[in-house]
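Let's take a walk through this protein together. Have a look at the fold as a whole before you zoom in on any one part.

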Amino acid sequence: MSDRIWYVMRSRRDGQYLAAYPKAAEGTARSPEHGYVLLFNQHADALSYVNRFAPELGSTVAVESMLNHQLSALLERWSFKGVGIVEDPWMPQVQFAVRQAEF
C-alpha cells in the first residue's frame with residue numbers, strides 16, 4: 001500500500017484529535033474508544049470543515065499531516081474505534097471504518 005498523506009485536526013490546548021461519535025447513546029462519554037478520528041484528503045478540506053461547522057474552534061486547532069502507516073499507531077495509542085474519512089467537508093459526507101491493522 002502506498003504511503004498516502006492524510007490530514008487530521010488536533011487541539012492546540014490539550015492535544016486531542018478532532019473525532020466523530022456517530023450513534024453515541026445519550027449519556028455515553030465522548031471518549032476515544034467510542035470515536036472515530038476524522039481524516040481529510042487535503043489540508044484545505046480540514047480548514048473548510050472546521051470553519052463551516054465549528055468556527056469558534058478555528059484558532060484552537062492545528063492541521064497535521066499523517067502517513068498511512070502512522071494511522072495504526074495513532075489509533076492504538078489513543079484507543080480510537082476507527083477513522084472517519086471526510087469525503088466532502090461541506091455536506092459533510094463521512095465514511096466510517098473500524099480500526100484495522102493498517103489503513
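Helices here are DSSP runs of H or I with at least four residues, strands are E runs with at least two, and both are numbered from the N terminus. Keep in mind that this is a predicted model, where local features need pLDDT of at least 70, side-chain atom pairs count only at pLDDT 80 or more, and totals for chains, interfaces and linings use all residues. Residues are numbered from 1 along each chain as its sequence is written, and side-chain values use heavy atoms, with hydrogens and water left out.

How much of the chain is buried? Of its 103 residues, 40% are, where buried means under 20% relative accessible area with a 1.4 Å probe, protein chains only. Contacts (heavy atoms within 4.5 Å) also tell a story: of those with a separation of 6 or more, 67% link residues 24 or more positions apart.

Now find helix H1, residues 43-53, where Asp45, Ala46, Ser48, Tyr49 and Val50 are buried. An α-helix has 3.6 residues a turn, so residues three or four places apart point the same way. The buried residues of H1 pack against E1, strand E3 (36-40), strand E4 (61-67) and strand E5 (82-88).

Strand E1, by the way, spans residues 5-11.

Methods:
Buried < 20%, exposed > 50% of the residue type's maximum accessible area, 1.4 Å probe, protein only.
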